[in-house]
Amino acid sequence: MLDNGASDGHMDGRQDIRTLGTRYWPAIHRQIDALMPQAIHHPLCLEMVRYQLDLGGKRLRPALTIAVGQAMGIPDEQLLPIAGMIELLHNASLVHDDIQ
């Protein structure tokens, strides 16, 4: 786990997840960039999902994926593609909801 610097030795789970998401986001974003052309074939849909991803957000889903995977002892190199797929699926569902 990441150390939040608390003097009492207790972790602040919210800060830990935010830190984890920030630390891993560049690698997750690279995974998403690699996945998108395989998963989304229509150019307009691809553009809409890229726009949605660029809006930002808390990125809790991939951070939680990594946190749970690390707690289970799964190596980061196996977790990053999964975290990317989860974030891509979530953003694609947001785009789908917007155009319905």
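**View 1. The largest nonpolar core of the predicted model has 18 residues.** A nonpolar core is a set of buried Ala, Val, Leu, Ile, Met, Phe, Trp, Tyr and Cys residues joined through side-chain atoms within 4.5 Å. Buried means under 20% relative accessible area, exposed over 50%, and partly exposed in between (1.4 Å probe, protein chains only). The residues with the most contacts inside this core are I28, I32, M36, V49, I66 and L88. At least two core residues come from each of α1 (13-39), α2 (43-54) and α4 (76-99), and α1 gives the most, with eight. In soluble globular proteins, nonpolar side chains tend to be buried together.

The model is predicted: local features need pLDDT of at least 70, side-chain atom pairs count only at pLDDT 80 or more, and totals for chains, interfaces and linings use all residues. Residues are numbered from 1 along each chain as its sequence is written, and side-chain values use heavy atoms, with hydrogens and water left out.

**View 2. M36 and its contacts.** Contact means heavy atoms within 4.5 Å. Leaving aside neighbours within four places in sequence, M36 touches L46, V49, R50, L53 and L88.

**View 3. A salt bridge joins the side chains of R50 and D33.** A salt bridge is a side-chain nitrogen of Lys or Arg within 4 Å of a carboxyl oxygen of Asp or Glu; by this rule the count is two. Between R50 and D33 the N to O distance is 3.4 Å. R50 lies in helix α2 and D33 in helix α1, so the pair ties together parts that are 17 residues apart in sequence. R50 is partly exposed at 33% relative accessible area, and D33 is partly exposed at 32%.

**View 4. R59 forms a salt bridge with E87.** The closest N and O atoms of this pair are 3.1 Å apart. R59 sits in the loop between α2 and α3 (60-71) and E87 in helix α4, so that distant parts of the chain, 28 residues apart, are linked. Both R59 and E87 are buried.

**View 5. I82, M85 and I86 make a nonpolar surface patch of about 240 Å².** Patches are made of residues with over 30% relative accessible area and no salt bridge; like charges are joined within 9 Å, nonpolar side chains (Val, Leu, Ile, Met, Phe, Trp, Tyr) within 5 Å. Accessible areas come from the Shrake-Rupley method with a 1.4 Å probe; for residues, only the protein chains shown count as cover. I86 is in helix α4 and is partly exposed, with a relative accessible area of 34%.

Definitions and conventions:
Helices (H or I, at least four residues) and strands (E, at least two) are DSSP runs, numbered from the N terminus.
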